[in-house]
Amino acid sequence: MSTYVKSAKSNYQLVPEGTYQAKLAGVRDLGIQSTPYGERELLQFAWDIPPQKNTGGETYRLTRKYTSSLQYESALRRDLLSWSGIEPSPSLDLDTLIGKRATIVIRHNVANQRTYSNVASVLPASDEIID
């Protein structure tokens, strides 16, 4: 008898490209993962974008993976610096950022014949109020 993996129907909904006010909903340590650049220790930031809702009535949530590095050219360092305006320190407890507001820029990219919403950059929050 043969067993096959059935292709599941995805309920992924694109967040339209643009600039949004968001809150950092979580930071997750993904441990060591294989990447195109070899094995790397990765983190994942989860962003909620209220009051934007998907067709199910839920707040949009997007995630972004980062290499756990504050090296000069790292994406994590770049986004933390552009968000806060302060050079991030290795002693920074990333969990203290949860709940903080930011302006995020969403861009779409196509991979494997699918379009994805991606957090392209993280900037300081505007004065706009979000829940």
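Visitor: Let's start with W47: is W47 buried or exposed?
Guide: A heads-up: this is a predicted model, where local features need pLDDT of at least 70, side-chain atom pairs count only at pLDDT 80 or more, and totals for chains, interfaces and linings use all residues. Residues are numbered from 1 along each chain as its sequence is written, and side-chain values use heavy atoms, with hydrogens and water left out. Buried means under 20% relative accessible area, exposed means over 50%, and partly exposed is in between (1.4 Å probe, protein chains only). W47 has 0% relative accessibility, so W47 counts as buried.

Visitor: And how much of the protein is made up of buried residues?
Guide: The protein has 131 residues. The share of them that is buried comes to 32%.

Visitor: What pattern does the protein follow along the sequence?
Guide: The parts are one helix and five strands. Helices (H or I, at least four residues) and strands (E, at least two) are DSSP runs, numbered from the N terminus. Read in that direction, the order is β-β-β-α-β-β.

Visitor: Which residues touch the most other members of the largest nonpolar core?
Guide: A nonpolar core is a set of buried Ala, Val, Leu, Ile, Met, Phe, Trp, Tyr and Cys residues joined through side-chain atoms within 4.5 Å. Here the largest one holds 22 residues. The members with the most contacts to other members are F45, W47, I49, W83, I104 and V122.

Visitor: How many aromatic pairs does a search of the whole structure find?
Guide: Rings of Phe, Tyr and Trp (its six-membered ring) pair if their centres lie within 6.5 Å; planes under 30 degrees apart count as stacked, over 60 as edge-to-face and the rest as tilted. With that rule, the number of pairs found is two.

Visitor: At what angle are the planes of the rings of F45 and Y66?
Guide: F45 sits in strand β2 and Y66 in strand β3, 21 residues apart. F45 is buried at 2% relative accessible area, and Y66 is buried at 3%. The ring centres are 5.1 Å apart. The pair counts as edge-to-face because the planes are at 65°.

Visitor: How far apart are the ring centres of W47 and W83?
Guide: This pair is edge-to-face too, since the planes are at 65°. W47 is in strand β2 and W83 in helix α1, so the pair ties together parts 36 residues apart in sequence. W83 is buried, at 11% relative accessibility. The distance between the two ring centres is 5.2 Å.

Visitor: On to charges: how many salt bridges are there in the whole structure?
Guide: Side chains of opposite charge can pair when their charged atoms come close. A salt bridge needs a side-chain nitrogen of Lys or Arg within 4 Å of a carboxyl oxygen of Asp or Glu. The search turns up four.

Visitor: Which residue meets R61 in a salt bridge?
Guide: R61 belongs to strand β3 (residues 59-67), and its partner belongs to strand β2 (residues 38-53), 13 residues apart. The N to O distance is 2.7 Å. That partner is D48.

Visitor: Which residues are linked in a network of salt bridges?
Guide: R64 pairs with D79, their closest N and O atoms 3.0 Å apart, and R78 also pairs with D79, at 3.5 Å. R64 and D79 are both buried, while R78 is partly exposed at 41% relative accessible area. Put together, the network is R64, R78 and D79.

Visitor: Where is the peptide bond that is cis?
Guide: Look in strand β2, the place of P51. The bond in question has omega near 0°. It runs from P50 to P51.

Visitor: What is the phi of N112?
Guide: N112 lies in the loop between β4 and β5, and it counts as exposed because its relative accessibility is 73%. N112 is not a glycine, yet its phi is positive, about 55°.

Visitor: And what is the phi of Q113?
Guide: Q113 is also in the loop between β4 and β5. Q113 is exposed, at 81% relative accessible area. Again the value is positive in a residue other than glycine, with phi near 65°.
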